[in-house]
Amino acid sequence: MQSGLLSSLIILPLIASIIVLLLPAAYKASYRWISLITQILLLINVGTLIGAFDPQKNEYQFLEHYEWIRLTLGNSSILSIDYIIGLDGLSLAMVSLSVLVFFIANISSFSIAKKEKAYFSLFLLLTATVIGCFVAIDFFLFFIFFEFMLLPMYFLIGIWGGPNKAYASLKFIIYTLVGSVMILVVMIALAMSNVDEFFTSEYKTTVFSFDFRILSDTNNLLKGSLLSIQNPIKIFGVNARDFMFLLLFIGFGIKLPMVPFHTWLPDAHVEAPTPISVVLAGILLKIGGYGLIRIAYGFFPDVATNYSLLISIMGLISILYGGFNALAQKDLKKLIAYSSISHMGFVLIGIAAFNVEGFNGAIFQMFSHGLLSSMLFLVAGVLYERTHNREIANFKGLAKNMPLFTVMVAIAFFGSLGLPSLSGFIGEFFTLFGSFQSSKIPKVIPVLGVLGIVLSAVYLLWTFQKMFFGEFWTKEEFKKSLTDLDQKEIFMLSTLGALTLLFGIFPNLLFDLINPTVIHLFK
Amino acid sequence: MIALQEILHSTQQILPEWLLAIGILALVLVISFGKPESKLPYGLSFILILTYTLSVTFFYSDLANKSISLYSGMLILDKTSIFFKQLLGISAIIFMVHSRLFRYKFEGEIYFLILCVILGLSFLSMTTHFLVIYIAVELASISSYILVASKKQKTNFEAAIKYLIFGAASSAIMLYGISFFYGISHTLNFTDPIFLKFTNTNSPLIIQVLSFMFLGGLFFKIAAAPFHSWVPDVYEVTTTPIISFLSFAPKAIGVLVVARVAQANFADINPVLLLIIFLSLIFGNLAALWQTNLKRMLGYSGIAQAGFILIGLLKGPQSDFYGAFFYILTYLPITMGAFFLADILYKQTGSDELEDYKGLGQKHIFLGINAVIIMMALIGLPPTIGFMAKLMVFSSIINLGDALGSSVYYGLLIFGLLNAAISIYYYLKVPYIMLIKTAYKQPKYAPNYLLSIVLTYFSLSLLIFFFFPDFGTEWIKAVLF
């Protein structure tokens, strides 16, 4: 069935982006509406997809497959690159999260008052590439979207960012590009080792494929090739397969971000405008986790288990290091950025557990972190927009002045620190549960991981107490501007808050979608 | 009598070069006796270049897969050389169009020198004979020295002298290497079986050192480190269309000759190449990071790109230099597009300094977008053809590491890719300054829409060939050795 519904998720924002670019400046006011309408259409489309999706089917659904490039290599073998997109439970979860967060970020972008044309066309371009990244089933296609995402992001931070934007945007792009060249190495190596049996007999010459479905089946490995399992080739004394897995781990680890490759994240967040922070924390980080699950674990299952210990330790370090750093922050946005690092550490622990519970937990944690971190950055944005200041010490007793705001912040903070009945709890619980169950990692790691939850309680509650309780006090010049939420903000925050609550109480809404896929991954 | 017949037959076969040579003589007459302001030299050279390009394309249509030996082995004519001559012709046409669009008022001598470069490179593209290589390299080089000096400013003379001294030194080293080869084998053709016999009986190390000396002259033309010292100065001061042509044509033909040497397989030149690649990537990229002048930066970028191209020439049991040739093909629109962009920026601001381009992209958004696309192609980001080129070159290393079982090649792969990641810093600086920094002064001149449209052709071709690379790959496949 090639309905084109899935492609529309990529093509619609692309077209909208071009329309915004071509519209003359006289229609300036309409850019944001064009963008918003596109996001709503995407929401509707994804809603339709969720309705039509059958979680029990163990294959990609809504497949669209078009031949694209047949690169004839010198020795007359063929590199077959196709436009293949499709959805399984994992990618559907991520796509739904993306359209949701982009929708919210789009509303938040209404306050952008500088170079709207460029902003909205880049924003729509970013939407298309991120969604493309999640639905691509061809490694080459995935990589193109993955790389191309950097440019709009670079300009979005670089043009609309804060005072130190030049440094932050460059750091962001260089870090992620280093990560993506590592992924590129693996992509080339994988493609040169995996043969498409069907087309090989069809064309009567070796056809190398980038198709995920072929790459994930180790039976397709060419005998004697670089990545074949039977006779391993050594690279710098390490088996080629292990080497490639580690490259992927670092490559996606930078994106995740994992300590010690995380330093780009606080800088990028602090400088980025609010909606871009929301997108960055809400979705872009998830591509790291998605890549680890789909590509690193999906294509190298045989070596992945050997590195469970390493990965879980990296996860633990991220949790604790991020948590302690968050404790020390004076800037609200920086605190949230470090808490992001800490929370994404749970994803690593869940993945390292290498069992159904752990993977489910990791995916759920990504989804829930997408909702909660978007909320947190919106909260920081609310303050920044009113006062152009984010110092925690500058505010006190806000609850008196901004009761609605306080409620929303409470939901976001308690969700993040893992209060049961909010979604953050479920994700952290299942990742830790999975790692307790796992035979591959020592029990001490989840035990110490629990400390991360305690840490997050400490820094979030402390901040909450400092900023919202007690007598209302702030600098004189801020006092007038500190009004409670307006309708736009209420809408954004309450939507996210309601979803957090919904998924906290009925986690099965998501688990039903992803569980069959995860179980299938382990077969 | 047989010799005479051979000469006559050979002379018929290189008709395009003959036409060009006779045309050059005619041009000299026109320049000498025509009016100084006359447009005749331009018209005549354009016709000559068109004739040359068309004749190499259609004259040899029946050549098929043969490789013809001419002048008793001094020249060989095969489809690879024709492919490179076509590229040469196309780049020369772009040069002519470029200089016309920007209304450069060149004296006739410039066209004469450009044609001499084409003639030299054209011979260089079809020979495996040491002496012919030397003469052809010298013909192209000497013309280039004068071209660099042609602007007649102090900086140009300085650059030209640097170019001349380094060129002369490289040529001397090359000649020295050749004389050793001749001493060992008593033959001057490196595909000659006798030559192979003698090189095989000597110690491989000696042959490698001699090859390095011989190849030095070619690396000089390719602008690869450590023969690169002339590049930045020359690129910075030479008139833009001229350096645009010189940044592509000698590099392409130089790569072809190195490929022929690798193909002849009289020495294992992989260690030599690895050293050159390593140095070129590191020197080119690191030095480019600090540049503030666009053309100088493009010079260093040219050194780094030479490193990437040479990766495709590393030889394994099955290699066919596919990656390198494909890279060369894509490098034509990329580098000449970049210089076209540089010239447009110069025309609007009167400066080559990056700082002076502040806010230019905000004023003319399409100029900014074009800059992004061209720089992305230089970095090798999708969706531009630069990505495909890098993909080809790097997949050839994976095959090589696979076949030779040596970790060095995987090391090179990662090293090369990290270099590509570093290069994003200086390439992106151009669109960054144009789009993100705010302008503190108005551009001097209004944009010229014709120029912007031509620039858009360049960047569109970079995008379109990414989505439909078959045209290029089929072409390359047909012309491999």
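Hi everyone. Let me start with a definition: two residues are in contact if their C-beta atoms, placed from the backbone, lie within 7 Å. With that in hand, meet Gly452(A), which touches Ile319(A), Leu320(A), Gly323(A), Ser342(A) and Gly345(A), leaving aside residues up to four places away in sequence.

Before we go on, a word about what we are looking at. This is a predicted model, where local features need pLDDT of at least 70 and side-chain atom pairs count only at pLDDT 80 or more, while totals for chains, interfaces and linings use all residues. Residues are numbered from 1 along each chain as its sequence is written, and chains are lettered from A and ligands numbered from 1 in the order in which they are written.

Back to our glycine. Gly452(A) sits in helix α20 (residues 444-468) of chain A; helices here are DSSP runs of H or I with at least four residues, strands are runs of E with at least two, and both are numbered from the N terminus. Is Gly452(A) buried or exposed? It counts as buried because it has 27 C-beta neighbours inside 10 Å. The rule is that 20 or more other C-beta atoms within 10 Å make a residue buried, 12 or fewer make it exposed, and anything in between is partly exposed, with C-beta atoms placed from the backbone. The C-alpha atoms of Gly452(A) and Leu320(A) are 5.7 Å apart, although 132 residues separate the two along the chain.

Staying in chain A, let's turn to its sheet. Three strands make an open sheet in the order β1-β2-β3, with mixed pairing; two strands pair if DSSP finds at least two bridges between them. β1 and β3 of chain A are at the edges with a single partner strand each, so one side of each has no neighbour in the sheet. From one strand to the next, the twist averages 25°, an angle between axes fitted as lines to C-alpha atoms, taken from 0 to 180 degrees between N-to-C directions.

How do the strands run? β1(A), residues 61-72, pairs with β2(A) in the antiparallel sense over 9 bridges, and His65(A) stands opposite Ile84(A) of β2(A). β2(A) and β3(A), residues 207-209, pair in the parallel sense over 3 bridges. There, Leu79(A) has Phe208(A) as its bridge partner, and Ser80(A) has Ser209(A). Strand β2(A), residues 78-87, is mostly covered, with 9 of its 10 residues buried.

Now over to chain B. Its domain assignment gives domain 1 (1-268) and domain 2 (269-481), with bounds from an automatic or database domain assignment. The C-alpha centres of these two domains of chain B lie 23 Å apart. In total, 40 residues of domain 1 of chain B are in contact with 42 residues of domain 2 of chain B. Which helix gives the most to the domain 1 side? That is α11(B), with 13 residues.

Finally, where do the chains meet? 31 residues of chain B are in contact with 29 residues of chain A. α18(B) gives the most to the chain B side, with 12 residues. That side of chain B divides into 21 nonpolar, 6 polar and 4 charged residues. Here Ala, Val, Leu, Ile, Met, Phe, Trp, Tyr, Cys and Pro count as nonpolar, Asp, Glu, Lys and Arg as charged, and the others, Gly among them, as polar.
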